Amino acid sequence: MTTAVAAPTFSYYKVIGNQSGPPRPGFTAPIDVALGPGGLLYVLSSYYEYDNKAKFVVKCNLEEDYLGAFGAKGTEDEEFTWPNSLAVDRAGNVYITDEWLNRVTIFSPDGKFLGKWGTLGAKNGEWNRPAGIIFDADNNLLVADSLNHRIQILTPDGQYLAKFGKFGAEPGQLNMPWGIAVDRQGNIYVADWRNDRIQKFSPEGRFLLAVGHTGQGDGEFRRPADVGVDADGYIYATDWRNDRVQVFDPQGRFVTKFLGDCPGYSKWAVDRMASNPENMKEQRELVKDFTQERIFFQPTGLVVDDQNRILVADTGRHRLQVYQKHG
Amino acid sequence: MAHLLRRAGFGAHPDDVEARAAQGYEATVEELLHPENQAPFEDDLIYRYVPYFRSGTGMPSYQGYWMHRMICTNRPLEEKMTLFWHHVFATSYTKLNRNPQANRQIETFRQHCLGNFRTILIELSKDPAMIFWLDNNENRNGRPNENFGRELLELFTMGVGMDGQPNYSEEDVKECARAFTGWTLAPGLPRYPYGDYLWQFEYRPDLHDDGEKTFLGQRGRFNGEDVVDIIVRQRSTARFVSRHLYNYFVADEPGVPSWQSTPPADADTIKALEEEYFRSNYDLRSMLRVLFNSRGFKKARFAKVKSPAELVVGVMRMADDYTAPKPDIHNIANACGYMGQDLYNPPTVEGWHTGREWIDSGALVERINFAGDQLGDPQKPGVRRMADRLAAQATAFTPDELVDQCLQILGDICPTDARRADLVESVRRGGDVKVGRTKAQREAFTQRVAALLRLIVAVPEFQFA
């Protein structure tokens, strides 16, 4: 006998952010978001290379309280060139990968530089363009070693523990992996970026499931950048070049897609627009179609919180769009 | 072959020139003319590492992206023609104040760059950046704005005159403008709070002057497409497009304003291009086939000054150090601007002043320093390949031999005898040139080659394509 389980439904939760940068609340091309203790959010902006005053990490929360920023452009200890992803440990320290500098840089919850590690190479514990990063239940780090086409598992201080994956397009093989997620059972999900699919592995790195292939239809991908998984095993993936988020059930069957539903101004946007309300109002009153404002533009990082909220870094629109799963 | 690759592309490393030579001249022309047969440009890598190159609002994003693309493309003629249309249909981002829109125009040029001239003109007339740049969004029935109509005739298609005669009248300008009334922009979202949005073309029948018009001797209730149809049939348009192509690909010509009174220097090639324009029904690819296979083109080696973009991209491709995304590529685009060709920002609607007007003392210093920094660096992979190539030929070189070999691998550059003698003397002062067998000796040889390349890029002849 089988028991029918009602399919989940989804609603739009909220939008956070606007195009700006510290000291003003806002993001500039945010590419990843991570959850910290006590409802904290850390949002990583890729910023503009030509902006020497960039602050790459904004600390805030879902209520859109702006709590500070840290990280600068450059190659020194606390600086970034091509920051890619971030993860937060149990103590609230923030770990950030940089694909150009080939290292992980670690900051305290308040943005104080704590350390860095990583060496360019292909041996165990070395890497070539580290991308997605996440902590597992044992407080070890999983890192997408993108140009070595593998996943490495390391201690928080960078000691090598294990690896899996190699270059290729066969099941279990990888091509420039990007985002990573871990479910409650410790299974590992990888955005297999240049293979246009999501792959699921056991905690030991054994291939379990591949979801999707190249295309623009439902269940197909054009360069998936990140992946998340909720407590029920539902899989969420940012479909980067298709400008959408796709949702799959635990067996990898397509469920639905989010195209972006931003309803208007975020809290920070309201504050910002207050400086010139009449001009903005006039311009907006002429607009017949707000689709471009609603939809995703280059969604990249994604995370699912413990209340089944799906937070998406909407890179091209300098904001987070948040969805809520029900049921 | 090196000549063809310099003109139809951005030059090539000597190894690539050799490979093309083996393929044959006409086959290479055909390959260049059909970029669609090459793999599409993969921009996912650059967008991954530099996300705002796809979605940014700052102009350096787009300048950096285009520079990246020109250096890394395997479709060089596609980028060269995109740059050509950017020059002919000059639009500056500074007035638009909406950089993604300026980039969309470049994408449109890229899409149609080797296509039909009529199609290009229709696309241009509907291009939001062009509409805003030349105020056609203010061109309305009863309140015409002649900016776009005038430039369409004067700078984009016919030119003011040829063979000493005017090509159109002031009345034609007014009637042309009337035909384009109502070709405007849909109201767009403001930039704040979530970044720039692309404008959309909108045809507004309520703003269009649907009355009868007389244009270039023809009468009717013309709309924009009708006017374009009449324009492309003009002999003057064939001449105008041909002269532009000649000036861009073959040899420096006087500026567009003088074309009414100054006949083409190479009448035979221009005539062949004009005939192909009509025979092919205004097809750019066909015209370029005729051009690249013409005697006039083949004998025009070093007859034009490299534009800054040609110089910068050519040097970068030859140095071969930028084959995948790296940080700060916008600085290379900036170098192009310092030499006088700020991409996306031509100085006026006439485009850039080409030929010897590219060069002033400041620009020349920028050019020499840039080329010297790249090709005088023994660590650049392209420079090392050149040294390896020489090392494979002999165990030692006389100063004359080394100079001649290096001139040849940089593209058969022909300095004056006096300048060549200076180069030889410079090598002579450095002592015997031996390739050597040990790693240290080979490194020393590579450094000698790089030092000589640095001197060669400073000779005036290097500035010519």
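This is a predicted model: local features need pLDDT of at least 70, side-chain atom pairs count only at pLDDT 80 or more; totals for chains, interfaces and linings use all residues.

Me: How many helices and strands does the secondary structure of chain A come to?

Reply: Helices (H or I, at least four residues) and strands (E, at least two) are DSSP runs, numbered from the N terminus. Chain A has 3 helices and 26 strands. Its radius of gyration, taken over C-alpha atoms, is 19 Å, close to the 20 Å that the globule rule (2.2 Å times the number of residues to the power 0.38) gives for 327 residues, so chain A is as compact as a globular protein of that length. The C-alpha trace spans about 60 × 55 × 35 Å along its principal axes.

Me: What percentage of the residues in chain A is buried?

Reply: A residue is buried if 20 or more other C-beta atoms, placed from the backbone, lie within 10 Å of its own. In chain A, 46% of the 327 residues are buried. Strand S21(A), residues 235-239, is mostly covered, with 5 of its 5 residues buried. On one side these are Ile235(A), Ala237(A) and Asp239(A), and on the other Tyr236(A) and Thr238(A).

Me: Which strands pair with S21(A)?

Reply: Two strands pair if DSSP finds at least two bridges between them. Strand S20(A), residues 224-229, pairs with S21(A) in the antiparallel sense over 5 bridges, and Asp226(A) stands opposite Thr238(A). Strand S22(A), residues 244-248, also runs antiparallel to S21(A), joined by 5 bridges; there the bridge partner of Thr238(A) is Val245(A).

Me: Which residue has a positive phi in the turn between S21(A) and S22(A)?

Reply: The hairpin of S21(A) and S22(A) has 4 residues between the strands, and Asp243(A) in the turn has a positive phi of about 55°. In the hairpin of S20(A) and S21(A), with 5 residues between the strands, Gly233(A) takes a positive phi near 90°.

Me: How many residues of chain B are in contact with chain A?

Reply: Two residues are in contact if their C-beta atoms, placed from the backbone, lie within 7 Å. By this criterion, 23 residues of chain B are in contact with 34 residues of chain A. Helices H4 (44-49), H5 (52-55) and H6 (59-72) of chain B each supply at least two residues of the side that touches chain A.

Key:
Residues are numbered from 1 along each chain as its sequence is written. Chains are lettered from A and ligands numbered from 1 in the order in which they are written. A residue is buried if 20 or more other C-beta atoms lie within 10 Å of its own, exposed if 12 or fewer, and partly exposed in between; C-beta atoms are placed from the backbone.
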